[in-house]
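User: Hi! I'm new to this structure and would like a friendly walk through a few spots. Could you show it to me?

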Amino acid sequence: MIDGSTSFSGVATAADLIERRQRSEFQSKIKDTLYVAIKAKPELVPSLLTMALNDAMTYDKTTKTGGANGSIRLETSRPENSGLSSALDLLTEAKKEIDSFSKGGPISFADLIQFAAQSALKRSFLDAAIAKCGGNEEKGRTLYSAYGSNGQWGLFDRTFGRADAQEADPEGRVPDWSKASVQEMKDRFVAVGLGPRQLAVMSAFLGPDQAATEGRLIADPDCRPWVEKYQRSRETVSRTDYEVDLITTLTKLSSLGQKINYEAYTYPKQKIDLGKLKL
């Protein structure tokens with residue numbers, strides 16, 4: 001006899017399906033909360049992107065320390081994180097609301113920071129689609145639904161259950177992107193297992209002026225072909241190359257240094273006392 005807790009290789013049990021549904025429902029509520037918060041303060045989108053990048057970029061491959069662990073909430077006084085306090089305030093308020101409806105415990109800042117970056121990117125993708133439709137929001141949403149990259153977020157969404165660091169990561173691992181040379185930027189990306197391609201696609205994460213950042217990167221022979229590729233992609237209707245590569249890169253960054261707890265935020269089903277049922 002096989003009960004709901006029995007598991008065979010590659011076969012989801014009833015308990016697995018319940019946990020997946022719980023996590024999916026919780027994620028949907030998180031995204032709704034972040035959507036409303038970011039819509040109210042769209043000027044914080046660049047800061048939310050930089051926050052997600054800088055939190056992950058503390059990863060050190062040699063010691064296996066740092067990474068997307070939420071420690072940036074303890075590091076806002078550092079030069080590379082200057083100007084991110086308002087974005088952290090927004091997330092702190094959003095966290096209070098999310099924790100109030102969570103049935104599986106409070107959300108970690110590590111998860112919240114990366115999901116905020118996802119929400120910020122989705123908003124920028126949608127805004128681009130609306131702009132291509134001459135500012136018509138209805139047509140822009142239709143365009144984004146038809147050609148957008150929403151279907152590419154599956155692996156990112158499954159990477160959910162990051163643990164928070166309880167102390168700041170070591171200083172000196174993340175450059176001040178506004179002052180760093182392109183070579184210093186490339187070196188840091190290579191140090192965490194990425195390269196010029198990922199540096200180019202993440203230009204929007206490196207400061208509030210994407211065009212200015214790309215102007216610096218395009219002067220570098222390693223970055224130039226990728227910057228040009230993504231600029232061309234952003235001119236197309238679907239923006240596929242740019243958006244898909246950006247989602248892929250964020251997904252990789254958002255898991256640096258983390259052992260994901262895939263049971264996080266799940267909770268036991270409420271037991272019914274059959275003795276109290278009235279027949």
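Predicted model: local features only at pLDDT ≥ 70, side-chain atom pairs only at ≥ 80, totals over all residues.

User: Great. Where is D245 found?

Analyst: D245 sits in helix α11, residues 240-253. Helices here are DSSP runs of H or I with at least four residues, numbered from the N terminus.

User: Is D245 buried or exposed?

Analyst: D245 counts as buried because its relative accessibility is 15%. Buried means under 20% relative accessible area, exposed over 50%, and partly exposed in between, using a 1.4 Å probe and protein chains only.

User: And which side chains does the D245 side chain make a polar contact with?

Analyst: One is the side chain of R197, at 2.9 Å, and another is that of Y230, at 2.6 Å. A polar contact is a pair of N or O atoms within 3.5 Å; within protein, one must be able to donate a hydrogen and the other to accept it, and residues adjacent in sequence count only if both atoms are side-chain atoms. Leaving aside neighbours within four places in sequence, D245 is in contact with R197, V201, K229, Y230 and T240. Contact means heavy atoms within 4.5 Å.

User: How do the axes of α10 and α11 cross?

Analyst: The axes of helix α10 (residues 224-235) and α11 cross at roughly 120 degrees and come within 6 Å. That makes α10 oblique to α11. On the α10 side the contact is made by K229, Y230, S233 and R234, and on the α11 side by T240, D241, Y242 and D245. By class, these residues divide into two nonpolar, two polar and four charged.

User: How are those terms set?

Analyst: Axes are lines fitted to C-alpha atoms, for helices over the stretch in contact, and angles run from 0 to 180 degrees between N-to-C directions. Angles under 35 degrees count as roughly parallel, over 145 as roughly antiparallel, 65 to 115 as roughly perpendicular and the rest as oblique. As for class, Ala, Val, Leu, Ile, Met, Phe, Trp, Tyr, Cys and Pro count as nonpolar, Asp, Glu, Lys and Arg as charged, and the others, Gly among them, as polar.

User: New topic: what about the axes of α2 and α3?

Analyst: Helix α2 (residues 45-56) and helix α3 (residues 85-101) have axes that come within 9 Å and cross at roughly 85 degrees. The two are therefore roughly perpendicular to each other. S47, L48 and M51 of α2 make the contact with A87, L88 and L91 of α3. That contact has five nonpolar residues, one polar and no charged ones.

User: Which residues touch the most other members of the largest nonpolar core?

Analyst: Those are L53 and L91, in a core of 68 residues. Helix α4 (residues 109-132) gives the largest share of this core, 12 residues. A nonpolar core is a set of buried Ala, Val, Leu, Ile, Met, Phe, Trp, Tyr and Cys residues joined through side-chain atoms within 4.5 Å.

User: Last one: what is the phi of K64?

Analyst: K64 has a positive phi of about 60 degrees although it is not a glycine. K64 is in the loop between α2 and α3, and counts as exposed because its relative accessibility is 57%.

Conventions:
Residues numbered from 1 in each chain as written. Heavy atoms only, no water.
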